[in-house]
Amino acid sequence: MYDFIAGKPPASMFIAQEPLPVLNGKVTGIAEGSYTNLPVAGAEVEIYEVDAKTGDRKSAVAMHRKTTGEDGVWGPFVGRSDSYYEFVLTMAAQPITHTYRSPFLRSSDVVHLRPGIFAKGDESAAAIVTMSRPRGYFGVGRDKFSLDGKVPPGINDGVPGVSVGKLAFDAATRTVMAVFNNETIPTRTWPVKDNHLVIAEFLN
């Protein structure tokens, strides 16, 4: 495609990295159990830099904190392209959602955030961690992926058709690694009893 448009092959097949990417996006909501993609006011977003191996926060103080207005915009936030981040979304009547992300190599204003949803039976678990690939499906045999070293149940063989997988954990707080091909995201478990959900969201 590049060759056709530019008349020459690309100098690189890899993303050109920005040292200090500027990130932004909107918080969107839920109505009657379905996502609306509409902006939400009054949602609080916090961003923490986390350790690449453990998912532990590097500081108890958020690097960024904002309560959204009517437009739902939570940024901008200037990050580092070699840093892993935890986005914490708190909004009325929804789970406190911890979304862990691998490094953003370039700026983006479409880093949209939305709360996780508890499924039936989740309340019996001490902690829930979900791995999510919003930009595609997990293909058994095509991709290498795991959550805590396991393939989550419900991801089918054959034609890829599932973009999320989850596991339940006990009450002991610990690191859970999410892997998709060459992307690895460290997360930490958070207690369901305190209304917390954890999502590892893949960039690829």
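**Exercise 1. Find which ring the charged end of Arg 57 sits over.**

Solution. The charged end of Arg 57 sits over the ring of Tyr 48, 3.7 Å from its centre. Here is the rule: NZ of Lys or CZ of Arg must be within 6 Å of the ring centre and within 35 degrees of the ring normal. Next, look at Arg 114, which lies over the face of Tyr 35, again with 3.7 Å to the ring centre.

A word on the model: it is predicted, so local features need pLDDT of at least 70 and side-chain atom pairs pLDDT 80 or more, while totals for chains, interfaces and linings use all residues. Residues are numbered from 1 along each chain as its sequence is written, and side-chain values use heavy atoms, without hydrogens and water.

**Exercise 2. Classify the ring pair of Phe 138 and Phe 180.**

Solution. Start with the rule: rings of Phe, Tyr and Trp (its six-membered ring) pair if their centres lie within 6.5 Å, and planes under 30 degrees apart are stacked, over 60 edge-to-face, the rest tilted. The count comes to seven aromatic pairs. For Phe 138 and Phe 180, the centres are 5.6 Å apart and the planes at 70 degrees, so the pair is edge-to-face. Both residues are buried, meaning under 20% relative accessible area.

**Exercise 3. Now classify Phe 180 with Phe 202.**

Solution. Their centres are 5.6 Å apart and the planes 45 degrees, which makes this pair tilted. Phe 180 and Phe 202 are both buried too.

Conventions. Buried means under 20% relative accessible area, exposed over 50%, partly exposed in between (1.4 Å probe, protein chains only).
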